[in-house]
Amino acid sequence: MRLTSKGRYAVRAMLDLTFHSNGNPVRLQEISTRQSISLHYLEQLFRKLRTGKVVKSVRGPGGGYVLSRPMDEISVKDVLDCVGENINPARDILGVPSSGIEILKDEAGNEINAVVDTKEFNLTKSYFENLGTIMQDYLATTTLGDLSRKGAGAFGETAANTNASAIRSNVGEMNQ
């Protein structure tokens, strides 16, 4: 179970886009400067985010990126899925001896798979599968809008900036 910098950077960049869009495209160079993330890395991430349909690119002078739909319709899971993050703690449940499949050798030296079927293995397997389900549900039900509103309250943004969040939520609608 591991969330890599790719996933964390993607969520950070999407929040930056949400906070700084004000209905207008945001250039990756601006996000790069504010978030101290390599421009080249952001270009790679945003290519995946555009393919995953969570952002749209706007060409020409004043171009950049905008959310492809309202911030309350883009979940953290959507963002992580776009960039290829898989944080399921049960994803490695098969394939290594500690996962329940033990590779043994028969008398002739041929490899055979023996299934570990102990009470302890089954309990831990079930536990981590359930944890994965809970994590996926949590990520799927937390939106950029939720995080944006939480950030506005936690970091003391002014009422004007909070109202700008309402404007930002319509960015995706304006650019369809």
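Contact, as the word is used in these legends, means heavy atoms within 4.5 Å, and helices (H or I, at least four residues) and strands (E, at least two) are DSSP runs, numbered from the N terminus. This is a predicted model, in which local features need pLDDT of at least 70 and side-chain atom pairs count only at pLDDT 80 or more, while totals for chains, interfaces and linings use all residues. Residues are numbered from 1 along each chain as its sequence is written, and side-chain values use heavy atoms, with hydrogens and water left out.

View 1. Of the 176 residues of the chain, 35% count as buried, where buried means under 20% relative accessible area, exposed means over 50%, and partly exposed lies in between (1.4 Å probe, protein chains only). Among the contacts in the chain with a separation of 6 or more, 64% are accounted for by residues 24 or more positions apart.

**View 2. Confidence along the protein chain.** The predictor's confidence in each residue is given as pLDDT, from 0 to 100; its mean over the protein chain is 81, and 74% of the residues reach 70 or more.

**View 3. Helices α2 and α3.** Helix α2 (residues 28-35) packs with α3 at an angle of about 120 degrees, and their axes are 9 Å apart. That makes α2 oblique to α3, given that angles under 35 degrees count as roughly parallel, over 145 as roughly antiparallel, 65 to 115 as roughly perpendicular and the rest as oblique. The axes are lines fitted to C-alpha atoms, for helices over the stretch in contact, and the angles run from 0 to 180 degrees between N-to-C directions. The crossing of α2 and α3 is right-handed; a crossing is given this name if the near helix is turned clockwise from the far one by less than a right angle, and is left-handed if anticlockwise. On the α2 side Leu28, Gln29, Ile31 and Ser32 take part, and they meet Leu39, Leu42, Glu43 and Phe46 in α3.

**View 4. Threonine 18 within helix α1.** Threonine 18 has its place in helix α1 (residues 5-20), where it is buried, with a relative accessible area of 1%. A polar atom of its side chain lies 2.8 Å from the backbone oxygen of methionine 14.

View 5. Most residues other than glycine have a negative phi. Asparagine 22, in the loop between α1 and α2, has a positive phi of about 50 degrees although it is not a glycine, and is partly exposed, with a relative accessible area of 42%. Serine 36, in the loop between α2 and α3, likewise is not a glycine and has a positive phi of about 55 degrees, and this serine is exposed, with a relative accessible area of 66%. The C-alpha atom of serine 36 is separated by 9.8 Å from that of tyrosine 9, 27 residues apart along the chain.

View 6. Serine 75 lies in the loop between β2 (64-67) and α4 (76-82) and counts as buried, at 7% relative accessibility. Its side chain reaches the backbone nitrogen of aspartate 78 at 3.0 Å. Not counting residues up to four places away in sequence, serine 75 touches Leu139, Ala140, Thr142 and Thr143.

Terms used. A polar contact is a pair of N or O atoms within 3.5 Å; within protein, one must be able to donate a hydrogen and the other to accept it, and residues adjacent in sequence count only if both atoms are side-chain atoms.
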